[in-house]
Amino acid sequence: MPVPPPIPVVWSPQTRRHEPMREVWVGVPTDGTELPERVDRILDATASRERVEATTHDDDVLRRVHAPAFVDHLRTIHDEWLRGPYVELVGQDRVVPYVFPTEAMTQGMPPSRAVATHGRAGQFGYDTMTLVGPGTWEAARAAVDCALTAVDLVGGGATAAYALCRPPGHHATRDGYGGSCYLNNAAIAAQALRDAGHATVAVVDLDAHHGNGTQAIFWQRSDVRYGSLHVDPGAGWFPHFYGHAHETGAGDGEGATRNLPLPEGTGDEPWLDAVRELATYAAGADALVVSLGVDAAAADPESPLQVTADGYAAAGRVLGSLGVPAVLVQEGGYHLDTIGGLVAAYLDGHEHAG
Ligand SMILES: [Zn+2]
């Protein structure tokens, strides 16, 4: 059997520019864990692979996956914040919302545009952990270019391509950001694969957390299926409101979403059973996007799952054996000393499948 060429690593130095500094959690500023150094740790661990710098793509797919008004907001809001009084007044140089026009406020009435920058800050964000600072837009936009360049490589004949996206994306919805995510790289890759002529695309999300953004974007579509395994939101985990087994899609997308919530402490064997179930579910799709979060690993500070590097390698073999063109998109993974090895293990498994 011919050996497939090694999976290339698509990256951009711009993805280092987003520095979260801190997250506001239950009202308290805490140190962020989604750090620029994640990029370098993954680059180090994949140094033997062909490295491709992302090329610039226009906003076409981006503005179809996300609402243009949201994209424009994210591009401009930090500059606008700096023109306001917030640094001088309270020493805040990051965009931090304090009011959110959720259903609790809107009650079916269309809200008017908030004039104040600090009012508008909550319109396109849904939590207080995901701050916008200098370089956030540039990094998030570069991550989109990484995903789209990986799609190009697959279109050019690569069996699979890995996009070292940072910040991650799977919590970003059509209309907003949250969960340390700003633009949904995996959803954009899936849409670009559809545009390239793949009739159906399966997104398999291995991140420790449910990808509520990706699920929402494709909720009513049958041409992009979304399957995820993740720590059970019913056990109290982010994103809290979504990721339950009863969420299966709606309208044309009824049945196209599959969620496999897992108990805290889940290790390799039951986790891999869930990966195999998602692979069965994804079989028959013409292309695959893997939301490759490695925060399900035992050492990761952001989740209680207990998956090993061997587990990630085995997951790579399972999904690689689907034998369809695949774009592998980096999502979470926050333990700096092991993140690179976990990504490398998955890539090795994926290319040595079957
Ligand atoms: Zn995660």
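Helix H7 (residues 136-155) and helix H8 (residues 185-195) have axes that come within 9 Å and cross at roughly 35 degrees. Helices here are DSSP runs of H or I with at least four residues, strands are runs of E with at least two, and both are numbered from the N terminus. Axes are lines fitted to C-alpha atoms, for helices over the stretch in contact, and the angles run from 0 to 180 degrees between N-to-C directions. This is a predicted model, in which local features need pLDDT of at least 70, side-chain atom pairs count only at pLDDT 80 or more, and totals for chains, interfaces and linings use all residues. Residues are numbered from 1 along each chain as its sequence is written, and side-chain values use heavy atoms, with hydrogens and water left out.

The crossing of H7 and H8 is right-handed, meaning that the near helix is turned clockwise from the far one by less than a right angle. On the H7 side the contact (heavy atoms within 4.5 Å) is made by residues including Ala-140, Ala-143, Val-144, Ala-147 and Val-151. H8 contributes Asn-185, Ile-188, Ala-189, Ala-192 and Leu-193. An α-helix has 3.6 residues a turn, so residues three or four places apart point the same way. By class, this contact has eleven nonpolar residues, one polar and no charged. Ala, Val, Leu, Ile, Met, Phe, Trp, Tyr, Cys and Pro count as nonpolar, Asp, Glu, Lys and Arg as charged, and the others, Gly among them, as polar.

Of the 20 residues of H7, 16 are buried, so the helix is largely enclosed by the rest of the structure. Buried means under 20% relative accessible area, exposed over 50%, and partly exposed in between, with a 1.4 Å probe and protein chains only. Just after H7, Gly-157 takes a positive phi of about 115 degrees.

The loop between strand S5 (160-163) and H8 holds Pro-167. The peptide bond from Arg-166 to Pro-167 is cis, with omega near -5 degrees. Ser-180 is found in the loop between S5 and H8 as well; its phi is near 65 degrees, a positive value in a residue other than glycine. Ser-180 counts as buried, at 13% relative accessibility. Gln-107, in the loop between helix H5 (103-106) and helix H6 (117-120), also has a positive phi, of about 50 degrees, although it is not a glycine. Gln-107 is exposed, with a relative accessible area of 55%.

Next comes the metal site. The protein donors of the zinc ion are Asp-207 (OD), His-209 (ND1) and Asp-295 (OD), lying 2.0 to 2.1 Å from it. Donors are N, O and S atoms within 2.8 Å of the metal (3.2 Å for Na, K and Ca), and water is not among the atoms, so sites may look incomplete. In sequence the donor residues are spaced D-x1-H-x85-D. Asp-207 sits in the loop between strand S6 (201-205) and helix H9 (212-218), and Asp-295 in the loop between strand S9 (287-292) and helix H11 (309-320), 88 residues apart. Both Asp-207 and Asp-295 are buried.

H11 in turn packs with helix H12 (residues 336-351): their axes come within 6 Å and cross at roughly 30 degrees. This crossing is right-handed. Among the residues in contact are Tyr-312, Gly-316 and Gly-320 of H11 and Ala-345, Tyr-346 and Gly-349 of H12. The contact has eight nonpolar, four polar and one charged residues.
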